[in-house]
Amino acid sequence: MAPSMSLVHSANTLNILDFVVNKGHGVKGLSELGLKTLPPQYIQPPQERFDHASNEEENKDSIPVIDMSNWDDPNVAKAVCDAACKWGFFQIVNHGVPIHVLEDVKDATHKFYALSAEEKNKYSKERSVSNHVRFGTSFTPEAEKALEWKDYLSLFFVSDDEAASLWPPVCRNQALEYMKSSEFIVKKLLEILMKGLNVKEIDESKEAILMGSKRINLNYYPTCPTPELTIGVGRHSDVSTLTVLLQDDIGGLYVRNTETSKWVHVPPVAGSLVINVGDALQIMSNGKYKSIEHRVIANGTNNRISVPIFVNPRPSDVIGPLPEVVGNGEKVLYKDILYSDYVKHFFRKAHDGKATVEFAMI
Ligand SMILES: COc1cc(/C=C/C(=O)SCCNC(=O)CCNC(=O)[C@H](O)C(C)(C)COP(=O)(O)OP(=O)(O)OC[C@H]2O[C@@H](n3cnc4c(N)ncnc43)[C@H](O)[C@@H]2OP(=O)(O)O)ccc1O
Ligand SMILES: O=C(O)CCC(=O)C(=O)O
Ligand SMILES: [Fe+2]
């Protein structure tokens with residue numbers, strides 16, 4: 001049932017948290033109350049807010065958009081490896097994932113968030129029957145000094161049967177279809193990126209360590225009353241090997257240009273997918289491919305959705321710089337780590353830019 005305005009207007013700190021986090025209304029519920037001011041829990045410290053004025057160069061740079069019409073073109077391979085080295089981010093078009101699959105998963109995301117708070121809350125950390133399915137808000141509310149203006153549904157893929165019994169019916173098939181249809185591009189991209197590291201062939205064990213587990217998140221960023229005071233997603237890099245991100249046409253994702261330190265917008269391009277290198281690939285490539293800091297701003301006029309697929313090592317894998325990369329005697333930058341330890345370290349703290357990878361540094 002929708003809460004009355006007076007309930008929230010008279011709310012103290014605890015009630016806002018109770019409404020958003022415990023009752024499962026999320027920030028979407030908060031947004032739909034039509035608040036005129038941002039609850040104090042969402043006010044980010046000035047250094048974490050997005051300052052358009054001091055980022056005036058944001059439009060001068062852009063991440064590469066690569067046409068994948070011919071996957072076997074050596075120029076395409078070069079463009080992919082160059083982008084992974086310099087930007088850690090690129091967009092791909094003509095990639096082969098059918099447009100209707102992308103549209104369907106976006107529609108399904110809206111349908112999931114249109115469910116009642118009670119229905120969505122069945123998938124919360126406290127109520128979900130499995131930790132492979134989790135509906136939540138912000139990132140790690142228990143560890144954050146200021147909350148992020150985002151709700152998410154996170155689905156860890158184990159098998160079709162498990163998804164059929166655990167994932168929310170309203171978005172299950174569409175999420176699975178998107179994951180399955182993008183498997184081809186993940187394999188091709190990893191093949192290209194591995195060749196760039198002198199890894200000639202992706203055998204079974206390499207395949208497992210590169211892409212042995214997958215997680216899909218359905219992100220919802222509702223309209224925010226005072227977007228300049230808060231953030232959709234704080235500065236972070238992904239802990240994945242690669243992330244395949246589908247965004248809608250609203251925009252708001254920014255990527256750090258490590259040469260200028262400025263934030264560069266990733267503009268929505270119809271039919272495209274955003275690809276980014278995650279920490280696991282940065283570690284395996286001994287720093288050659290970069291897992292770049294990114295963030296999402298809050299929006300004062302539109303709701304936004306995005307659907308990342310995180311392609312990861314298996315939790316039980318030990319990852320470290322690949323022998324093919326460091327066999328030539330170059331300095332080894334990262335130690336071997338158990339991947340689930342790395343991910344737990346990421347999830348235990350608030351977003352903190354590039355700090356997570358220090359966990360793996362020698
Ligand atoms: C939400 O906003 C986000 C999310 C992200 C996400 C990026 C990624 O997911 S990248 C890929 C992550 N890798 C994997 O999923 C690998 C496979 N999974 C695992 O290894 C395990 O599931 C585990 C993550 C290691 C945790 O397993 P387990 O030991 O069984 O313990 P849990 O109780 O489930 O979790 C431990 C701790 O982490 C929190 N957590 C777990 N999963 C998520 C999740 N999907 N989203 C948010 N938080 C999660 C959980 O709450 C636990 O915390 P406690 O405080 O309760 O201990 C990127 C950017 C974003 O903004
Ligand atoms: O919403 C986006 O565009 C990016 C989200 C993101 O960075 C993440 O979920 O890891
Ligand atoms: Fe991310």
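These legends describe close-up views of a predicted model. Local features need pLDDT of at least 70 and side-chain atom pairs pLDDT 80 or more, while totals for chains, interfaces and linings use all residues. Residues are numbered from 1 along each chain as its sequence is written, chains are lettered from A and ligands numbered from 1 in the order in which they are written, and side-chain values use heavy atoms, with hydrogens and water left out.

**View 1. Three residues hold donors of the iron ion (ligand 3).** The protein donors are His-236 (NE2), Asp-238 (OD) and His-294 (NE2). They lie 2.1 to 2.2 Å from the iron ion. Donors here are N, O and S atoms within 2.8 Å of the metal (3.2 Å for Na, K and Ca); water is not among the atoms, so sites may look incomplete. Along the chain, the spacing is H-x1-D-x55-H. Asp-238 sits in the loop between strand E6 (233-236) and strand E7 (242-247), and His-294 in strand E11 (residues 294-296), so this pair ties together parts that are 56 residues apart in sequence. Helices (H or I, at least four residues) and strands (E, at least two) are DSSP runs, numbered from the N terminus.

**View 2. Are Asp-238 and His-294 buried or exposed?** Asp-238 is buried, at 6% relative accessible area. His-294 is buried too, at 5%. Buried means under 20% relative accessible area, exposed over 50%, and partly exposed in between (1.4 Å probe, protein chains only).

**View 3. Ligand 2 and its shell.** Residues around ligand 2 include His-236, Asp-238 and His-294. Others among them are Asn-219, Leu-245, Arg-304 and Phe-310. A residue is near a molecule if one of its heavy atoms lies within 4 Å of it. An oxygen atom of ligand 2 is 2.6 Å from an N or O atom in the side chain of Tyr-221. For Asp-238, such a distance is 3.2 Å. For His-294, it is 3.0 Å. The protein covers 94% of the 290 Å² of accessible area that ligand 2 has on its own. Accessible areas come from the Shrake-Rupley method with a 1.4 Å probe; for residues, only the protein chains shown count as cover. E5, E11 and E12 each give two or more residues to this shell. E12 has the largest share, with four residues.

**View 4. Ligand 1 and its shell.** How many residues surround ligand 1? There are 23, and the closest are Lys-125, Asn-131, Lys-150, Arg-215 and His-351. A polar side-chain atom of Arg-134 lies 3.0 Å from an oxygen atom of ligand 1. One of Ser-154 lies 2.9 Å from a nitrogen atom of the ligand. One of His-351 lies 3.2 Å from an oxygen atom of the ligand. The protein covers 81% of the 1100 Å² of accessible area that ligand 1 has on its own. Strand E4 (151-157), strand E5 (213-221) and strand E12 (304-312) are among the elements that give two or more residues. H13 gives the most, with six residues.

**View 5. Ser-128 in its loop.** Ser-128 is found between helix H6 (117-121) and strand E3 (133-137). Ser-128 is buried, with a relative accessible area of 16%. A polar atom of its side chain lies 2.8 Å from the backbone oxygen of Ser-130. Beyond neighbours within four places in sequence, Ser-128 is in contact (heavy atoms within 4.5 Å) with Lys-122, Tyr-123 and Val-133.

Note on methods: A polar contact is a pair of N or O atoms within 3.5 Å; within protein, one must be able to donate a hydrogen and the other to accept it, and residues adjacent in sequence count only if both atoms are side-chain atoms.
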